[in-house]
Amino acid sequence: MIDVLSGRRIYGIQLPIQAHSAYFVADWERTAGPDDLARVAQACDNNGYAYIGVCDHVALPESVANSMGTHWMDPISTLSWLAALTTRVALLTHVYVLPYRHPLVAAKQFSNLDYLSNGRAICGVGAGHVEAEFAHLGIDFHSRGKSMNASIPVLAQALENEFVSGFGARPRPMQSPRPPIWVAGSSASAISRAARLADGWLPQGPASQEMVDALNNERQSAGRTGPFVTGHITPFLHIGTPSFDVGEATITGSAQQIAERILESTPVGVNQLQVRFKAQSVTQYCEQLEAFGRDVAPLLTTI
């Protein structure tokens, strides 16, 4: 199972291009295509990134189209395509809305992805948040938390075992005993769910020390020990001196300056950083990926 070694910290990204939400999409992404997406994934593969992530929406209502957009690539098919174009980087759904699917359907998809990628799938799952999308799919929005609590153990069982309740499914995952399950969300219920049921936690935004402490306390109360992946999302980064307006919240400067700023805001106990970059083109984005992996990451990967 993909995990983080003790005393180490990994880093990865949620891929650009695959989602066009106005909250985070850059202008260059709007005209980028599959070749550009492949180029970014391969840059991650070649520069030490632990994972690449793809998020999930099925169909969004017109009422949110101006803010969230409607361009959201399917996570499983996109990651399966990228699996054939990469060799090392893990393939994370960040996140797959589990209440939209039967857990056995989810297990089939993740098993197949793990098989095709030679053991690189990470099952990032979340409860979802767009009530109108749930209604459009005929799924009860208000029971999504209960659905998650019931579905995650079934998903884990089906990933670990060929037969569940007398029904079998192959191909089997390559990872043993199964691909990891990371639960997303920053609410108290999501943090509790991750602590009790998952192998890792993906915060919805930057993690706080209070969130990480609550996660660890819940794990201790549940008697859960052993490896666990605790995430944090950094501010936007730009290595070097930018030639364009990157916004006041973006961290810029030398590798040492950027690493120090990241560590200042990273809660104790975090062993997984999701980084994001400001750029004006796919070429510049890949240059930022490479510079981070070469110059900044070595200053962050030891805890």
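**Entry 1: Ile-10 and strand β1**

I began with Ile-10, which I found in strand β1. The model I am reading is a predicted one. I listed what Ile-10 touches, leaving out residues up to four places away in sequence: Val-4, Ala-50, Trp-182, Asn-271, Gln-272 and Leu-273. I also looked up one C-alpha distance, from Ile-10 to Gly-48, and it is 8.8 Å. Those two residues are 38 apart along the chain.

**Entry 2: β1 beside β2**

Next I asked how β1 and β2 run, and how many bridges join them. The two strands are parallel, and 2 bridges join them. In β2, Gly-53 has Gln-14 standing opposite.

I then checked which residues of β2 are buried on each side.

**Entry 3: aromatic pairs**

I searched the whole structure for aromatic pairs and got 11. I wrote down Tyr-11 with Phe-292, an edge-to-face pair with 5.4 Å between the centres and 70° between the planes. Are Tyr-11 and Phe-292 buried or exposed? Both are buried.

The second pair I wrote down is Tyr-96 with Phe-110. Its centres are 5.0 Å apart and its planes make an angle of 55°, which is listed as tilted. Tyr-96 is in strand β4 (residues 96–97) and Phe-110 in helix α4 (residues 103–116), 14 residues apart. Tyr-96 counts as buried because its relative accessibility is 0%. Phe-110 counts as buried for its own value of 0%.

I also looked for a cluster of rings. Tyr-11, Trp-28, Tyr-49, Phe-277, Tyr-285 and Phe-292 form one.

I came back to Tyr-96 to see what lies over its face. Arg-101 does, at 4.3 Å from the ring centre. I noted another arginine placed over a ring: Arg-276 lies over the face of Phe-236, at 4.6 Å from the centre.

Which residue forms a salt bridge with Arg-101? The partner is Asp-56, and the closest N and O atoms are 2.6 Å apart. Arg-101 is in the loop between β4 and α4, while Asp-56 is in the loop between β2 and α2 (65–68), and the two are 45 residues apart. I checked burial for both ends. Arg-101 has 18% relative accessibility, so it counts as buried, the cut-off being under 20%. Asp-56, at 4%, counts as buried too.

**Entry 4: other salt bridges**

The count of salt bridges comes to 7. I looked up Glu-162 with Arg-170, where the closest N and O atoms are 3.3 Å apart. Glu-162 counts as partly exposed because its relative accessibility is 30%. Arg-170 is exposed, with a relative accessible area of 52%.

Asp-295 and Arg-294 meet in another salt bridge, 2.9 Å from N to O. Asp-295 is partly exposed, with a relative accessible area of 31%. Then I looked for shared partners, and found Glu-160, Arg-178 and Asp-199 joined into one network of salt bridges.

**Entry 5: helix α3**

In helix α3, residues 75–83, I listed these as buried: Pro-75, Ile-76, Thr-78, Leu-79, Leu-82 and Ala-83. Why do I say they line one face of the helix? Seen down the axis of α3, they fall within an arc of 165°, so they line one face. I then looked up what covers them, and the cover includes α1 (34–46), β2, β3 (90–93), β4 and α4.

**Entry 6: helix α9**

I repeated the check on helix α9, residues 255–264. The buried residues I noted are Ala-255, Ile-258, Ala-259 and Ile-262. Down the axis of α9 they fall within an arc of 100°, so they line one face of the helix.

How values were computed:
Residues numbered from 1 in each chain as written. Predicted model: local features only at pLDDT ≥ 70, side-chain atom pairs only at ≥ 80, totals over all residues. Heavy atoms only, no water. Phe/Tyr/Trp six-rings, centres within 6.5 Å; stacked < 30°, edge-to-face > 60°. Buried < 20%, exposed > 50% of the residue type's maximum accessible area, 1.4 Å probe, protein only. Helix = DSSP H or I, 4+ residues; strand = E, 2+ residues; numbered from the N terminus. Lys NZ or Arg CZ within 6 Å of the ring centre and 35° of its normal. Arc of directions from axis to C-beta. Contact = heavy atoms within 4.5 Å. Salt bridge = Lys/Arg side-chain N within 4 Å of Asp/Glu carboxyl O. Pairing = 2+ DSSP bridges.
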